[in-house]
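Hi everyone, thanks for coming. Today I'd like to walk you through how some chains meet in one assembly, so let me put the structure up.

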6 protein chains.
Amino acid sequence: MKIMWVNPVGKPYADEAIAALIRDIKSAEAEVDVVSLNTSPSPVDLEYRAYEALFYTDIIHLVRHAANNRYDAAVIGCFYDPILADAREISGEMIVVGPCQASIQIMANLCNRFSVIVGSQKEVNQMHDNIHLYGYGRQLASIRAMNLTTTDFLHNKQITEQAMLQHAGEAIKHDYAEGIILGCTLEYGFYRRLQEQLDVPVVDCIYAAYKTAEHLADIKNRFGWKPSRKWSCAPPPEKSIEEFGLFQDEPPIGNRITIN
Amino acid sequence: MKIMWVNPVGKPYADEAIAALIRDIKSAEAEVDVVSLNTSPSPVDLEYRAYEALFYTDIIHLVRHAANNRYDAAVIGCFYDPILADAREISGEMIVVGPCQASIQIMANLCNRFSVIVGSQKEVNQMHDNIHLYGYGRQLASIRAMNLTTTDFLHNKQITEQAMLQHAGEAIKHDYAEGIILGCTLEYGFYRRLQEQLDVPVVDCIYAAYKTAEHLADIKNRFGWKPSRKWSCAPPPEKSIEEFGLFQDEPPIGNRITIN
Amino acid sequence: MKIMWVNPVGKPYADEAIAALIRDIKSAEAEVDVVSLNTSPSPVDLEYRAYEALFYTDIIHLVRHAANNRYDAAVIGCFYDPILADAREISGEMIVVGPCQASIQIMANLCNRFSVIVGSQKEVNQMHDNIHLYGYGRQLASIRAMNLTTTDFLHNKQITEQAMLQHAGEAIKHDYAEGIILGCTLEYGFYRRLQEQLDVPVVDCIYAAYKTAEHLADIKNRFGWKPSRKWSCAPPPEKSIEEFGLFQDEPPIGNRITIN
Amino acid sequence: MKIMWVNPVGKPYADEAIAALIRDIKSAEAEVDVVSLNTSPSPVDLEYRAYEALFYTDIIHLVRHAANNRYDAAVIGCFYDPILADAREISGEMIVVGPCQASIQIMANLCNRFSVIVGSQKEVNQMHDNIHLYGYGRQLASIRAMNLTTTDFLHNKQITEQAMLQHAGEAIKHDYAEGIILGCTLEYGFYRRLQEQLDVPVVDCIYAAYKTAEHLADIKNRFGWKPSRKWSCAPPPEKSIEEFGLFQDEPPIGNRITIN
Amino acid sequence: MKIMWVNPVGKPYADEAIAALIRDIKSAEAEVDVVSLNTSPSPVDLEYRAYEALFYTDIIHLVRHAANNRYDAAVIGCFYDPILADAREISGEMIVVGPCQASIQIMANLCNRFSVIVGSQKEVNQMHDNIHLYGYGRQLASIRAMNLTTTDFLHNKQITEQAMLQHAGEAIKHDYAEGIILGCTLEYGFYRRLQEQLDVPVVDCIYAAYKTAEHLADIKNRFGWKPSRKWSCAPPPEKSIEEFGLFQDEPPIGNRITIN
Amino acid sequence: MKIMWVNPVGKPYADEAIAALIRDIKSAEAEVDVVSLNTSPSPVDLEYRAYEALFYTDIIHLVRHAANNRYDAAVIGCFYDPILADAREISGEMIVVGPCQASIQIMANLCNRFSVIVGSQKEVNQMHDNIHLYGYGRQLASIRAMNLTTTDFLHNKQITEQAMLQHAGEAIKHDYAEGIILGCTLEYGFYRRLQEQLDVPVVDCIYAAYKTAEHLADIKNRFGWKPSRKWSCAPPPEKSIEEFGLFQDEPPIGNRITIN
């Protein structure tokens, strides 16, 4: 089983950390590549739509490349699930997983109402729309913003954990959340201590997305449950791709860590 | 990893068949019990709400029993997901999976619109409500009824397959479905040939539910993602259960097949 | 006109009180039975889904019995409206009324937004789903929990009334409720004083449900407006009930008070 | 108990027929006035919004008058429920009933899905919006138009009955309706034969509205469940009405039939 | 291009002020009439539904008159958008604009979430329903009431501005509004200073409605995009209007100010 | 007033045609640039999500460029409204218009229900999601696909017109559409003849989008109604853009036609 974790950013700086997380928990039969892009110049902060959008075209290239190289599943590693529907169209027989959708689907088996803890209020509207379109608007207790940045998540661990505890605690107390999702792939490393202290399930979206990718790759291989290619799922015809000379460059990979 | 598949009916007649299906596909580390109830008298036909309801009380007993006996997950093996919310309340640290919810969550990763093929128009309204409450009403292309019974599914295989082909084909053509879910646990054995002929993913809900149970049990054990016990998920206090003398009888198991 | 009020619990302890309430307000032509179950062991606290579920099977039996004994209407006397859809399927020509649905339908004629006052936060999610499915989610200002138990409702009347005043007052002031529903059949005896003090309509769900039962029984008898038996409302065929030997035991009645 | 049935039109031509219907079915304690307006000139055909609107101002006057003259309830006798929210604001302690809302609330106790049969496609959109705002959009199977006028309903009884049978039959067969509402107050006189032939409940909206008015008037008098006057339900202050000199003319009554 | 601004009230008192506003901003080719009604007696306070309704019939007359006199567009100058759907039915080839709908459509191009600032809590429910029916319920952050009257808007300018600043500020801070709509045509004269201080777009609904009327009149004339007269948009037939002798009186104009 | 029309594709082939359309109808004070991209290789067929996505990054660059060069408004010239929310974030004080949103907002003033006519069934799901998110899901009668390509729109005019007539006619007859939107910017040149034959408003989305851009640019300049930059509308800080060295290349313009 081959899985690609796409860091949708043009810098390798979180690749190692994510690879380490996946190495710990992957099933024996999975071969995983953690990949970031070679987009340049590249912001590191994906909080802005306009920044995310700078990688959209490259993500499409990369997903197409992965599909052609017999990956069973790819994760687009950002909780916004950027460009997920577009990537799924071009993914051939490969499953594409979004961390937000994966986390919510798990949570819906664990409780009736959940909250999402994010860095900044900026992000709330877009995530709300996503969760609404996924169908879980009625189960969403709240999205609470900590007023912290991804830099804080990575370098001010103590402040971040304290803020997570506070905001998740308020979500439970005031919004009646019954479970918590940490709504950024860089909010890793916190879920277990929070879970112990809050006494509700706390979902880390890297683990949720990665294990969902394994699960969906497994059942794809067993049962043939590949992405539909009918109606809205129909991809561009290969002939047309060829005519336009598309996707002929090297895939826009900046960094790759392989975990066997 | 211990998993219980509950046939929510007081007769063992489909236990063997389902056990055989699971034996084929289970992961090595799973130990599975396929169990039916000892409710008597018992209908075999779960199409009617009033018939389902005859088993509700026993299902609750059984789920409580499984939770106390360290099962990691249980599946309530009917596509109506009967009494799922109630069972989840009393399941302790055990995950409870419903075939309808599991099938839809998988399908939402494979396409944008899907249809469900059921036996009888009778069932449509209740399933529509369930799917709406799960949040997938907008993605549901249609629920189409074949005007066949579960007896047909088991004994008139050829007629059933023909009807499935016809109704799924119409769902694709007229309702613009991009994937098909076979909406009854007794509609097993058909998905692969349908999938080949229809060229869209066709989900068998036994496989979907069972593999989801393994997946959720696995991440529960790894990450501590157990059911929430907060707010609406709070179970009755043990002290109250004891005071009322509840759940002291033997669990209402009529038949059990263990698969190692 | 024959009406059955079902206390969906295996203890007779509130039967007398409810019978007294109904005796006061019933129309002359109504003959009413207040009935509780003989389920044993039985909890008294229906706040938990898993506790409610212990009575589901018996409720179905009882409703079937009432339908066969020419009752015109039955009320399932709990504000969760437990198993209402299932009971309606097997009720033959008899109307089945749920206190929640009845209270809301009345309230929708009296104001544009209402709140429900319940005992515990535990109950809110399930009632929210019910009210959403009944179609009144947009008119629901809030469901506020008093952090009291049904024991408090029955035995700490002063504390309960004080809490009701406070929470209903907050619902009016902060959630802009224009009417109040007391969301538990055991919250009886309070509505009139609350109504005087709050100056908005305060609906007691026993009265609401009982009078709706009389109303619907009356128009059923006048106009032939019996429950539909088409599509999702189709009951199991009598022949199948017979074949499976169902519903042949005595009805699970533990206590009966008849009011002429 | 005093009830006013308002024919919201400036001609008396259906007053007698409606009075006759109500005379047959009213409860002994009800005193009923069937009233039409003296608006002149007046269309008879209320199918058009702009025609309805010609009566809005007069309806408000009349409802205010009824409220001041101790009527317990008034029905605005058109299935569009014209100006219902506005009339409810000025109705003091009097209940105001709309035939559409009343019919649907009854139907929601009899089945899970229903269709409405109307004269012309013209009307469908407005009724759809009303039913959506009442909260029953998900339970509405369809609104089917017969391409007939109210003149046909009154004078071509056989053609009308035939068309009702056909369209209701199609609603049952193709839209999976489980109950039928005749969606015009002038569609009276047909429900019973249709009901016998279609074998589902068929609601006549005059009977539904009138009996709901009696029911709500009764519980208002018993329990003090009067219209809320809080927030959106607050009426104009009497002082302001006086200052502006409003509602000082005779009420716009063109015809009145009293039934004791 | 001929545009009519209808003050839907029987007093001329705001006509001059509104005419002055429009004079400043109208395009050169527009000829505008600001018109109020001759309804008598007439309230000035349109906060109450029952007061609004006193003008409904006259508004219909006036819109019909404008349509017949070759106006290209009319604005019904109240943020409730009173009787908009009805007026649009009878408007022939003339566009009818509602200030609420116009303001929201503009705002939806400027931000993702907005709040509306109104005078009194009384108004909130009705506006909420309107905005929901227009389809913008999900984008509505809040409707906040200042507890002020239209008299305050006109005569206590400083208090009003202070209250607007406070409530809009709270809407931005607590409800995460990204834009503000001043939800009353008499809240004119404030938007620009608020906009500077709040640093988000603040829409004055007179300007929004008037400029939308010009825009829609312009594209109607250019592209023939006149109101549909199909299905629910079909007007009463002229023959029927004639038969009933409708709309033959002078139009109910009380005051008219023409701006060239 | 400066307006940019962005053809979101890396080929100039429709630029001239669109420029000609706009030249005819633009207001005197508008200065318009029709611009396509220099993306290479480039598909011409934007029906596929994955093809659209190839331009997303360049569109963001271009919108940023336009905002910095004092354009008042830009139109992203594709009926999918590709990347609209992202472009609006980075547009500074410039308005960004999407043809789908603009067409629907106009249509909502002309009728109660409308249909969209598109080339291929492939597109329907994505447009449905967009229209749902814009809030017009309830007013959408249908999206009907003609099974034609954009090549047909441009080169097989007669076949295209015939197909439009047929599908729009069916939308009116069977889906009860009251207005028609031609749902592709390349469906230009047809609306007027269709409108005459169908006798309902038929909106050409190039005209709708362009004239909306003028309208919004005009009121932005008059009233200061610029895009909000609060919460979800906050752009990346200029300092961060600089630090990352973003947007320093020439704007990705392949072709530009200026219309004065």
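Predicted model: local features only at pLDDT ≥ 70, side-chain atom pairs only at ≥ 80, totals over all residues.

Residues are numbered from 1 along each chain as its sequence is written, chains are lettered from A and ligands numbered from 1 in the order in which they are written, and side-chain values use heavy atoms, with hydrogens and water left out.

Let's start with chains A and B.

Now the interface itself. Taking contact as heavy atoms within 4.5 Å, 50 residues from chain A and 50 residues from chain B take part. Of the interface residues of chain A, 100% are also interface residues in chain B, so the copies meet through the same surface.

The size of an interface is often given as the accessible area lost when the parts come together. Here buried area is that loss for two parts, with a 1.4 Å probe, summed over both. Chains A and B bury about 4,200 Å² between them, with 55% of it on carbon and sulfur atoms. A:Asn109, A:Phe223 and A:Trp225 supply 18% of the area that chain A buries against chain B, more than any other three residues.

How many salt bridges does the rule find across this interface? With a side-chain nitrogen of Lys or Arg required within 4 Å of a carboxyl oxygen of Asp or Glu, there are two. B:Asp218 forms a salt bridge with A:Lys211, with the closest N and O atoms 3.9 Å apart. By class, the side of chain A that touches chain B has 27 nonpolar, 12 polar and 11 charged residues; Ala, Val, Leu, Ile, Met, Phe, Trp, Tyr, Cys and Pro count as nonpolar, Asp, Glu, Lys and Arg as charged, and the others, Gly among them, as polar.

Over to chains D and E. Here 41 residues of chain D are in contact with 41 residues of chain E. The area buried between them is about 3,300 Å², and carbon and sulfur atoms give 66% of that. D:Tyr51, D:Lys122 and D:Phe244 supply 17% of what chain D buries against chain E, more than any other three residues. Four salt bridges are counted between chain D and chain E. In a salt bridge between E:Lys122 and D:Glu89, the side chains meet at 2.5 Å, N to O. The side of chain D that touches chain E divides into 25 nonpolar, nine polar and seven charged residues.

I'll finish with rings. Rings of Phe, Tyr and Trp (its six-membered ring) pair if their centres lie within 6.5 Å, and planes under 30 degrees apart count as stacked, over 60 as edge-to-face and the rest as tilted. Over all chains, the structure holds 54 aromatic pairs. A:Phe223 and B:Tyr191 have ring centres 6.1 Å apart and planes at 80°, so this pair is edge-to-face.
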